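Open the model in your viewer and follow the stops below.

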Amino acid sequence: LSQRLNASRTPIREALIKLELLGFVQRRPAGGWDVSALDVEQSLQRYEIKAMIEAYAVLRSTPASREAFLQKVRPILVEMRRAARAGDYDAYRDLDLEFHDSLLCMHENQFIAEMYVESIKHVRWIRKMAISPYLQMKDSLADHTRIVEALAAHDVVRAVDELVAHLERLLAKVRQDIMHK
């Protein structure tokens, strides 16, 4: 690996140890490393943690931080509509990630931000499963629009309800897709 990457063994070893702590790899007793199996249920639970962190950020937001969020995400919604109309799944997923990351910015707390970053490391694949055909992009976009509309109306409770409903629909779809595979 060191030769392939043209890198020193020390940073590679440190990276493998970090990946082991995150549960992505396992050290073999006789030496070497194996990639850990993906635990779907654990990943879905982490997605729920991500949802709770986003909801908490919205609930703890201030009027000024909500206004800043709205200014930031309105152009994102426009681009999401374009991507959905064009059937550009990759662009839509990137914009979806940007939208959800922006929710966190409404409440600045370093510890919560670190928990959020940790949770999304394990769940990015859920976006790939949950948002693929045009119908899911269209439904997801409608959910995002309702969240923004609630915040624009200064109805934080409704915004959180819409956010939770959105994430519950995504999780239900992922669970359904997993059962059919």
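Angles over 145 degrees count as roughly antiparallel, under 35 as roughly parallel, 65 to 115 as roughly perpendicular and the rest as oblique. This is a predicted model, with local features needing pLDDT of at least 70, side-chain atom pairs pLDDT 80 or more, and totals for interfaces and linings using all residues. Residues are numbered from 1 along each chain, and side-chain values use heavy atoms, without hydrogens or water.

Select helix H4 (residues 63-86) and helix H5 (residues 89-104). Their packing angle is about 165°, and their axes lie 9 Å apart. H4 and H5 are therefore roughly antiparallel. Helices are DSSP runs (H or I, at least four residues); axes are lines fitted to C-alpha atoms over the stretch in contact, with angles from 0 to 180 degrees between N-to-C directions.

Now show the side chains between them. H4 contributes residues including Phe69, Ile76 and Met80, and H5 residues including Tyr92, Leu95 and Phe99. Contact means heavy atoms within 4.5 Å.

Next, select Leu1, Ser2, Arg9, Ile12, Arg13, Leu16, Arg27, Gly32 and Trp33, which line the second largest pocket (an open set of 1 Å grid points where a 1.4 Å probe fits, with protein on both sides within 12 Å along at least five of seven lines; lining residues have an atom within 4 Å of a point). Helix H2 (residues 9-22) gives the most to this lining, four residues.

Terms used
Helix = DSSP H or I, 4+ residues; strand = E, 2+ residues; numbered from the N terminus.
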